[in-house]
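Here are my notes on this one, as numbered points. Have a look at the model first, then read on.

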Amino acid sequence: MVDRRILEKMTKGIQGWISLFKTGTHTSSNGVTKIYNDKDLESIEQKYNSNRDKHEAPVVIGHPEENAPAWGWLEAVKKEGAVLKGKLKQVAPEFAQAVIEGRFKKRSVKMSPKYGIEHVGFLGAALPAVEGLQDIEFKSNQDDNDIFEFDSSDETFEFSSYKGDSSMIIDAEKLKKLQEENEAMKKKIQVLEVENKTSEDQQFSKKLDDLEKENAELKQKAAKMEQESKRKGCEEFCASIPEQITPKNKDKVVDFLMAFDNAGDYEFSQGGKKSLAEEFKTFLKEQPKAVDFNEYTNKGKAAGKVEPKEYSFSAPVDPDAATLDAKVTAYSKQHNVDYEKALDIILDN
């Protein structure tokens, strides 16, 4: 690879004073012919040097109309005899080498009525983009600025740190190879960046899946807890009205209440839209006392008697059924017979 320090030494040769323009009759690129004398060159010198804090002419390739890299800057100008010279600064090493190799046989200047010189253009080969060079914005050529070019192939550049030292010569092929290596490295970096981004995306995707799974589990747990809480409330309601709901039917009533609660509201023929569960609770509270015949048969078992078939149910009964039950129970106790036989005797009579 080319040593960067060698390239930097190459810049010193063109950062001195170089010829930019001279007196005489010149025709600009837009076809305007003018005669420039000593006073004209002195005027250009005075305008540019006095406005350097406002405007610095960039060193460019050709005469760009839009953004383009600045390969250097015009630090100052001076008139020496019939020639206007310019001193360049901050010249890019790659550009300096191309000038030394003779790849730019002509130079030109774009005049500015306000600042003397707009920019200094080198005409010839095109250089590839070099990272770090500042882009500058150029106005279109529709103004009155004149562009003059001249052959500079007879002008030489002296290099105190380069002249006579063959080890300092930079081969163009080596420079090209360096540029190719730089491009390859850029592509490699781009590939690594893509791979790194892919890895980050995969990690993010896995994390997202884990969060979604955890969220689903939490929702399921919350739903279960909500159902358990509702069921407990239904059980407590049933326990609060023991006369209407016997222990035998409590679980079924709880299931009904749960189903009605999950069903939500219902449009009743009277009263409009209401909660099914709440309406069912109101209905249960309004029912008369329920009779559990199993309660009486259990008492018979405790006395060591032969028990009748168990009729275990809970339902609202009318007063006649309650009276019959009382008669059968009394007869069974009085005559020491089981409940079923006592019931048959009472019904036969």
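1. Let's start with the hairpin. Strand E2 (residues 24-27) runs antiparallel to strand E3 (residues 33-36), with four bridges between them. Strands here are DSSP E runs of at least two residues and helices are H or I runs of at least four, numbered from the N terminus; two strands pair if DSSP finds at least two bridges between them. Thr25 faces Ile35 of E3 across the pairing. Five residues separate the two strands, and Gly31 in this hairpin has a positive phi near 90 degrees.

2. A word on provenance. The model is predicted, so local features need pLDDT of at least 70 and side-chain atom pairs pLDDT 80 or more, while totals for chains, interfaces and linings use all residues. Numbering starts from 1 along each chain as its sequence is written, and side-chain values use heavy atoms, without hydrogens and water.

3. Now the rings: there are ten aromatic pairs (Phe, Tyr or the six-membered ring of Trp, centres within 6.5 Å; planes under 30 degrees apart are stacked, over 60 edge-to-face, the rest tilted). Phe95 and Phe104 make a tilted pair, because their planes meet at 45 degrees, with centres 5.5 Å apart. Both are buried (under 20% relative accessible area; exposed is over 50%, partly exposed in between, 1.4 Å probe, protein chains only). Phe95 and Phe104 also belong to one aromatic cluster with Trp71 and Phe122.

4. Over in helix H5 (residues 250-263), Phe256 and Phe260 sit four residues apart, about one turn. Their rings are stacked, at 6.2 Å centre to centre and 25 degrees between planes. Phe256 is partly exposed at 48%, as is Phe260 at 24%.
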